[in-house]
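Reader: I'd like to learn how to read pockets, ligand contacts and ring pairs off a model. Can you walk me through one?

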Amino acid sequence: MKMVLTHNAQRSSRLAIAAACLCLATAFQPLAAQTTVSKPLSQDEKMKWFREAKFGLFIHWGLYAVPAGTWKGQQIQGIGEWIMNRAKIPVKEYEQLAGQFNPVKFNAEEWVQMAEDAGMKYIVITSKHHDGFAMYGSKVTKYNIVDATPFKRDPLKELAAACAKHNIRFGFYYSQSQDWHEPGGAGNTWDFPSDDEKSKSGAYDKYLREKAEPQVKELLTGYGPVCLIWFDTARMMNVNDRAQRFLDICHTLQPACLIDGRLGTKGDYRSMGDNAIPNQVVNEDWEVPATLNRTWGYKSYDNDWKTPEDLTFKLVDIVSKGGNYLLNVGPTAEGLIPQPSQDNLRAVGHWLKVNGAAIYGAGPTPFGEELGAPDPAGKKDKKGNPAFSAKTDWRCTTKPGKLYIHLFKWPSGSFELPATKDKVTKAYLLADPQKQALTARQNGQKWSISLPAAAPDKTDSVLVLETK
Ligand code: FHN
């Protein structure tokens, strides 16, 4: 199976622009209405949905779901989608997985329904991961799910349609730099020369111009409004205009499409490290990509699932520091999202059904002392940074005129709010449909709110303080 290039960059760019105009004007009415604009969007307008959404579903799905962490009888260490690299599988052997990939149980409606049940507002799926295999019907290369597998369907088309139906935003992960399938792509040094040589010889730019850039154009023209493109591992992108070329493509074809923080040039928001939640409030737009177990792509024997309580805490913790949580599932080669992933996400959704007002569109805490503090003895963490000793009793998210106090540990008798210039005008529990007023006593700049004996939620009970 050889890569077949059918478009040259210029022609595809003209086609893409024409197609994009058509798509933006016609597809997916509710979202398109927000994407089709006559004047350029301001940065605040662009970021509006992202700031409101707070919680998204990441999906790592590709050929690596077939070996599912095991190659030639050996369990391969590390994250599942890296199996080709970790086991140094030659391109010719890895390509054979395409013939075995037939996810007949895939059902876009069920996946999107699960995201909706979990309270997630956007979906980002791997259109091409580092292994180079396109999970959509690409015309740029035959190495794609429609042309190279018995499945022959384009699951990303089906997901785009299901998302539009459910009013969930849809975005793509695209590995722009690493492509272990192509002689010029970064990362594969077991079949091909070093990345440095690829860059010097021009092979890397040839790969960018003849595969990565045209594929990004396809994604931005064939799937309706794309809420964001999630580029990843910006190796060698900061040379000449490489990253800028991707930026230009995105800005030209879908000006409203956000760019994550891993393209290699400034995107629309900051991407934190994998599973890396900052200790303190970060006053810019940001997102944490995170796993439910220890892998992104499916591994049959990774059962180290985070509990719903932990996931709920992490969601609240992130929102209270100003960020978004992009939480990953790794579907199987049959096309199923592992049941524990579904169950744990739905449990978070159950909590959000009652407490969503304290998450969607909410801003960070005005306090900070509840988050914890650097270790007083000056201890260092594994990376040599000052160790942080996190507190987990409560968190605070905010909206104009409202403080949402998330109580992970139910205090006995009353909650003591740290000093604030705000005046508390009303206090009640978010889970209480009657919004029955709780007594709030002022002592200088401090407030004490009387609580009932039992917590309304065993994970996180939200106390609402209306303020002036
Ligand atoms: O190498 C990838 C990895 O496979 C996965 O896609 C994560 C998700 O954030 N990003 C890279 C490592 O940071």
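Reader: What volume does the second largest pocket have?

Author: About 380 Å³. On a 1 Å grid over the protein atoms alone, a pocket is an open set of points with protein on both sides within 12 Å along at least five of seven lines. Points are joined across faces, edges and corners, and the volume is the space filled by probe spheres set on them. By the way, this is a predicted model, where local features need pLDDT of at least 70 and side-chain atom pairs count only at pLDDT 80 or more, while totals for chains, interfaces and linings use all residues. Residues are numbered from 1 along each chain as its sequence is written, and side-chain values use heavy atoms, leaving out hydrogens and water.

Reader: Which residues that line the second largest pocket are closest to its centre?

Author: Lining residues have an atom within 4 Å of a point. Here there are 20, and E52, A53, M120, K121 and N167 are the closest to the centre. Helix α3 gives the largest share of this lining, four residues. Helices are DSSP runs (H or I, at least four residues) and strands are too (E, at least two), numbered from the N terminus.

Reader: And how much space lies in the largest pocket?

Author: About 570 Å³. Its lining has 22 residues, with N275, A276, I277, N279 and D381 closest to the centre. The largest share, four residues, comes from α13.

Reader: Switching to the ligand, which residues are closest?

Author: Count a residue as near if one of its heavy atoms lies within 4 Å of the molecule. That gives 14 residues around the ligand, and H60, E81, H130, D232 and D274 are the closest. Then look for polar contacts, pairs of N or O atoms within 3.5 Å. A polar side-chain atom of E81 sits 2.5 Å from a ligand oxygen; for W82 that distance is 2.8 Å, and for R262 it's 3.1 Å. The ligand alone exposes 330 Å², and the protein buries 90% of that (Shrake-Rupley areas, 1.4 Å probe).

Reader: How many aromatic pairs does the structure hold?

Author: It holds 25. Rings of Phe, Tyr and Trp (its six-membered ring) pair if their centres lie within 6.5 Å; planes under 30 degrees apart are stacked, over 60 edge-to-face, the rest tilted.

Notes. A polar contact is a pair of N or O atoms within 3.5 Å; within protein, one must be able to donate a hydrogen and the other to accept it, and residues adjacent in sequence count only if both atoms are side-chain atoms. On a 1 Å grid over the protein atoms alone, a cavity is a set of points where a 1.4 Å probe fits but cannot get out, and a pocket is an open set with protein on both sides within 12 Å along at least five of seven lines; lining residues have an atom within 4 Å of a point.
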